[in-house]
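Visitor: I have a chain open here and would like to go through it with you. Can we start once it is on screen?

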Amino acid sequence: MLTVHLFGKPETHIGNEAPIVFPTAQAEAIFYYLVWAKQPILHTKIASIFWPKMSDADARAEWQQLLPLLQHATHNLLRISAKQAAFNRQSEYWVDIYELELFFNVPTLSKRHKFEKLTTLYRGTFLTGLGEVGGAEFNRWQTHCQRNFEERVVGTLQGLAENCLQTKDFVLGFQVTHWWLTLQPGNELAHRLRMLLFWHNKQ
């Protein structure tokens with residue numbers, strides 16, 4: 001089964017093998033972009049995002065040259081047509097961003113289970129350390145994704161911390177606010193909730 005981690009330092013594994021080694025940083029970024037997209041992307045679009053300083057023809061030529069190397073590295077996990085490329089979602093896979101989306105849509109989990117699931121899935125900022133691999137459009141996309149995922153994670157942590165305070169679940173509340181502050185050390189609300197948990201725990 002294919003396993004893809006996009007939170008924290010990105011990694012891709014097939015079965016129990018070592019992480020896939022991509023031919024270039026751009027190839028790795030393109031693969032992750034296609035995994036995130038969940039739908040076919042035009043070759044012309046990929047070329048313009050990742051080779052923005054080249055002419056359309058030269059950018060497309062670079063992509064066409066890189067494409068077979070990427071297919072080989074990922075064991076043909078892309079679906080390729082004359083006009084488009086896509087991540088093959090008919091294969092057997094596990095992708096952390098897909099799992100996090102499902103997690104956000106399951107409100108019935110217990111507080112403890114919700115916190116444990118969140119800390120397992122969210123290993124850090126989306127695509128940490130990927131480097132400069134595209135143009136301004138790619139950078140805007142990455143920044144948007146990073147902010148969107150972090151806001152949703154922090155919103156969940158806030159809800160958990162406030163519920164722990166209301167229900168006097170201090171042990172879990174301390175764990176939630178501690179992890180929250182590892183993600184956002186300067187977050188005033190996290191500090192305030194943590195202090196309230198300490199104060200009420202002494203009553």
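Guide: We can go through salt bridges, then a helix, then some strands.

Visitor: What kind of model is this, and how are residues numbered?
Guide: This is a predicted model, in which local features need pLDDT of at least 70 and side-chain atom pairs count only at pLDDT 80 or more, while totals for chains, interfaces and linings use all residues. Residues are numbered from 1 along each chain as its sequence is written, and side-chain values use heavy atoms, with hydrogens and water left out.

Visitor: How many salt bridges does the count come to?
Guide: The count comes to three. A salt bridge here is a side-chain nitrogen of Lys or Arg within 4 Å of a carboxyl oxygen of Asp or Glu.

Visitor: What does Glu137 form a salt bridge with?
Guide: The partner of Glu137 is Lys45, and their closest N and O atoms are 2.6 Å apart. Glu137 lies in helix α6 (residues 136-167) and Lys45 in helix α2 (residues 43-50), so the pair ties together parts 92 residues apart in sequence. Helices are DSSP runs of H or I with at least four residues, strands are runs of E with at least two, and both are numbered from the N terminus.

Visitor: Is Glu137 buried or partly exposed?
Guide: Glu137 is partly exposed, at a relative accessible area of 33%, and Lys45 is also partly exposed, at 34%. Buried means under 20% relative accessible area, exposed over 50%, and partly exposed in between, with a 1.4 Å probe and protein chains only.

Visitor: Which side chain meets Glu101 in a salt bridge?
Guide: That is Arg152, at 3.1 Å from N to O. Glu101 sits in helix α4 (residues 96-104) and Arg152 in helix α6, 51 residues apart.

Visitor: And Asp169, which side chain does that one meet?
Guide: Asp169 meets Lys111 in a salt bridge at 4.0 Å, N to O. Asp169 lies in the loop between α6 and α7 (170-183), and Lys111 in helix α5 (residues 111-121), so this pair ties together parts 58 residues apart in sequence.

Visitor: On to α7. Which residues are buried there?
Guide: Among the buried residues of α7 are Phe170, Phe174, Thr177, Trp179 and Trp180. The buried residues of α7 pack against α5, α6 and α8 (188-201).

Visitor: What about Thr177, buried or exposed?
Guide: Thr177 is buried, with a relative accessible area of 0%. The side chain of Thr177 makes a polar contact of 2.9 Å with that of Arg194. A polar contact is a pair of N or O atoms within 3.5 Å; within protein, one must be able to donate a hydrogen and the other to accept it, and residues adjacent in sequence count only if both atoms are side-chain atoms.

Visitor: What else does Thr177 touch?
Guide: Leaving out residues up to four places away in sequence, Thr177 touches residues including Ala161, Ala190, Leu193 and Leu197. Contact means heavy atoms within 4.5 Å.

Visitor: Now the strands. What joins β1 to β2?
Guide: Four bridges join strand β1 to strand β2 (residues 11-14), and the two run antiparallel. Two strands pair if DSSP finds at least two bridges between them. Glu11 in β2 is the bridge partner of His5.

Visitor: Where does Gly8 come in?
Guide: Gly8 is in the hairpin of β1 and β2, which has five residues between the strands, and takes a positive phi near 75°.

Visitor: In which sense do β1 and β6 pair?
Guide: β1 pairs with β6 (residues 93-95) in the parallel sense, over three bridges. Trp94 in β6 stands opposite Thr3.
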